Amino acid sequence: MRRWLIAILLILALAALAFFALAPGMIERGMNQIDGKPLPPVSARAQALHRTLTIVDLHSDTLLWKRDILDRAERGHMDLPRLEDGNVALQVLASTTKSPKGQNYDANSGDTDNITSLVIAQLQPVRTWSSLLERSLWHAEKLHRAVQRSGTELWPVAAPKDIDSLLFARSAGTSKTESGTIVSRPPVGAMLSVEGLHNLEGDIANLDKLYAAGFRMGGLTHFFDNDLAGSMHGLKKGGLTPFGREVVSEMEAKGMIVDIAHCSSACVADILKMARRPVVSSHGGVQATCKVNRNLSDAQIRGVAATGGLIGIGYWDAAVCDTSPASIAKAMKHVRDLVGIEHVALGSDYDGATTVRFDTSKLVQVTQALIDAGFSDDEIRAAMGGNAIRVLKAGLVPLTPPPSIAAVP
Ligand SMILES: [Zn+2]
């Protein structure tokens, strides 16, 4: 009898071990895919231009998954080696903390959550199992540890001066590894953002905790209505709540960029009405080239442009109704023609449970597609990152100086 019991326990222990070793990779492989369709050839001109660009991507969910961002992975869409291959200068890394079961673009309640089982399957710290705030703080901790281990290859960005020093270091073309060896790889910047500020857990004081952890951009909602605002994919799809308004004002005061991605139309209208600083749509598409409910109408694009902000265009099928580089360029062209090139940006949604045609190492595909769509070199420079650098540098400056400075007469 006892021998049987030991055998059963042993089998259970082995099954658990196999589960926790294999499940995170299997889940991610199923969620973050590359569709394998053929890619157009890239010209020598596109290659040469691409090498001279300062590239910024406004949204990726890589921190959600259990892998080391410093290592080249066989799965997903990005990691540091692939960002280097793609000549990316600055990557905004989002913290996603809750996503409803049966998630869809039309209507979701916030009653269920898929990320809880992912968090447990990935054996994250227990404090992240039940707290959405702790999930975000864990994502920040993961990034900060990677930055430490990278030497200067991964470069934390939380202030305009960090962007200046990053660009200066990139122009030198070298970075230091953990052991202090100089390598001829320019550093890649990383800035944290929040995908759905339900991670505040209803307490405005938690915004300080997120800020202290390095978060500098935030979208109010994700796939369900929360205590700040309605989601484009929620049940009621309402506007900003009083708490949502308080958070938007406080973000603007602190120098955290407000992101309208996933917000309901009423929420977007409310944000655009009260915005005093540039607002971004970090990842998505436009209705004019892809009629999906989460994509921006022309009126919304004009509204974002009026704040001096950015429209980050995604690469996945539901953002641009296809995964071809040409359809990405088509959406970017629409924004350019409607409001001007200075509002066009990249918002990949890599590793965001998306299916794309190419990972970040092959970003030259976008440069090629923009050339093919008739963009000038200067326009390509602006769309691929120049605009984002401008908006981030302006947006990260706190509106109200810290009390110690304000007190000086
Ligand atoms: Zn998203």
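Is His 283 buried or exposed? His 283 is buried, with a relative accessible area of 2%; buried means under 20% relative accessible area, exposed over 50%, and partly exposed in between, with a 1.4 Å probe and protein chains only.

Hello everyone, a word on the model before we go on. It is predicted, so local features need pLDDT of at least 70 and side-chain atom pairs count only at pLDDT 80 or more, while totals for chains, interfaces and linings use all residues. Residues are numbered from 1 along each chain as its sequence is written, and side-chain values use heavy atoms, leaving out hydrogens and water.

Now to the zinc ion. Its protein donors are Glu 195 (OE), His 262 (NE2) and His 283 (NE2), at 2.0 to 2.1 Å. Donors here are N, O and S atoms within 2.8 Å of the metal (3.2 Å for Na, K and Ca); water is not among the atoms, so sites may look incomplete. Along the chain, the spacing reads E-x66-H-x20-H. His 262 sits in the loop between strand E9 (257-259) and helix H10 (265-274), and His 283 in strand E10 (residues 280-284), 21 residues apart. Helices (H or I, at least four residues) and strands (E, at least two) are DSSP runs, numbered from the N terminus. His 262 is buried too, at 5%.

And Glu 195? Glu 195 belongs to strand E7 (residues 188-195), where eight of eight residues are buried. Strand E3 (residues 88-96) runs parallel to E7 with seven bridges, and Thr 96 stands opposite Glu 195. Strands pair if DSSP finds at least two bridges between them. E7 also pairs in the parallel sense with strand E8 (residues 215-219), over four bridges, and there Gly 219 is the bridge partner of Glu 195.
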